[in-house]
Amino acid sequence: MLASFADAFGLMEPFYDDLQEISANIFEVLQLFTFTFAFLALLISAYKGMMGGSFEGAWSALLYTGIACTIMPFFPEWLIEEVRVALSDDLLEILEVDPLSLMETFGNSFGDLDIDTDPSALTMLIVDPLAIIDYTANIIAAFCMIFIGLVCYIIFFFAYQVQLMALYIGAAASPIFFGMFIFEQKRETAVTYFTGLISICLWPLGWGIGLLLADFLLQIGIDVIILLTSTLLLNPAWGVVIETIAIFCLVIAVATWIMFVLFSSPKIIHKAVVSGS
C-alpha cells in the first residue's frame, strides 16, 4: 500500500533506492561495533566468572549474545518487509480502515451535497435574484472542499514517507541497540528502542481508525445539515446561505480532526506499545 502510493506519483522511488543503500552501508559498519561489544561482554563475563567462582553470568551473556547475533543480520528486512506489511497493509485491509482509501471516501462524501456549479445557471441571474446566491455559495463550497481534501491527502502522503524513512533509519541504527541488548544494564533501553520501531509500523492503524470516525462524522453531519435546512427554514435565500456556512464549518471541523489524528496517533500508539499505558 505505502510503496504503491509512492510509486503512483513516480517521485519517491529514486529517493528510497538511495536511502536503502545508505541505510545498508550504515548497518554493515555498525555491525562491526556490535560484534566487538559482544566479544567484550563475553570476556568480561568470563573474567567475572573466574574471579567469583561462578559462570552463571557468562552463560547468560553467551545466551543474549547468541540471540543478538542471530537476529541482527535479518532484522532490517524483517522489520520493513514483514512486520510493516503485516501491521500496516494486511491488518488495515482486514479491518477495512486503510487511511488512503478513507481519504478517497472522505472526498467522495462531498458528492452527497448535490452542489451545482453548472455555468448555465448564470442565465438565471437576470430573472431570479436567488440564483446568484445559490450559484456563488455552491462555487465557494466546492472550492473549499476540493482544497481541504487535497491538502489532507498531500499531508498524509508525506506522513507515510516519514513513517517509511523512520523505519529505514531505525533499522540502520539497530546494531547499536543489539549491542546494548547484550549488556544487562542497557537491555531495557534496547527493548524500548525495538518496541518503538514496532509502534512506528502501527501508525497507519491509528490514522485509519481516526479517519474512519472523520468519514462517519462527515456523512452524518451532511445529512443532518441538509435535513435541518430543508425542514426548518422557510426563506430559500437564507436556507442556501446557512446550509453552505454549516457545511463549510463541518468540513473545517473534520479537517481539524484529521490533522489531530495525523499528529497525535503516532504519539498515542508509541506510548501504548512502549509503556503499555
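Tutor: Let's take a histidine, then the core, then a surface patch.

Tutor: Keep in mind that this is a predicted model.

Student: OK. Where does histidine 270 sit?

Tutor: Histidine 270 is in helix H9, which covers residues 236-275.

Student: Is histidine 270 buried, exposed or partly exposed?

Tutor: Partly exposed, because its relative accessibility is 37%, and that class runs between 20% and 50%.

Student: What does histidine 270 touch, beyond its neighbours within four places in sequence?

Tutor: Histidine 270 contacts Gly196, Ser199 and Ser275.

Student: And how far is histidine 270 from leucine 202?

Tutor: In sequence, 68 residues. In space, their C-alpha atoms are 8.6 Å apart.

Student: Switching to the inside. Which residues of the largest nonpolar core touch the most other members?

Tutor: Leu79, Phe194, Leu197, Trp207 and Ile258, out of 48 residues in that core.

Student: Which elements give two or more residues to this core?

Tutor: Helices H2 (13-52), H4 (75-95), H6 (129-182), H7 (187-201), H8 (203-232) and H9. H6 gives the most, with 15 residues.

Student: Now the surface. Which residues make the nonpolar patch of about 850 Å²?

Tutor: Val29, Leu32, Phe33, Phe35, Phe37, Phe39, Leu40, Leu43 and Ile44.

Student: Take phenylalanine 35. Which helix is it in?

Tutor: Phenylalanine 35 lies in helix H2.

Student: Why does phenylalanine 35 count as partly exposed?

Tutor: Because its relative accessible area is 38%. In soluble globular proteins, nonpolar side chains tend to be buried together.

How values were computed
Residues numbered from 1 in each chain as written. Predicted model: local features only at pLDDT ≥ 70, side-chain atom pairs only at ≥ 80, totals over all residues. Heavy atoms only, no water. Helix = DSSP H or I, 4+ residues; strand = E, 2+ residues; numbered from the N terminus. Buried < 20%, exposed > 50% of the residue type's maximum accessible area, 1.4 Å probe, protein only. Contact = heavy atoms within 4.5 Å. Core = buried A, V, L, I, M, F, W, Y, C linked by side-chain atoms within 4.5 Å. Patch = residues over 30% accessible without salt bridge, like charges linked within 9 Å, V, L, I, M, F, W, Y side chains within 5 Å. Areas by Shrake-Rupley, 256 points an atom, 1.4 Å probe, with all protein chains shown as cover. Salt bridge = Lys/Arg side-chain N within 4 Å of Asp/Glu carboxyl O.
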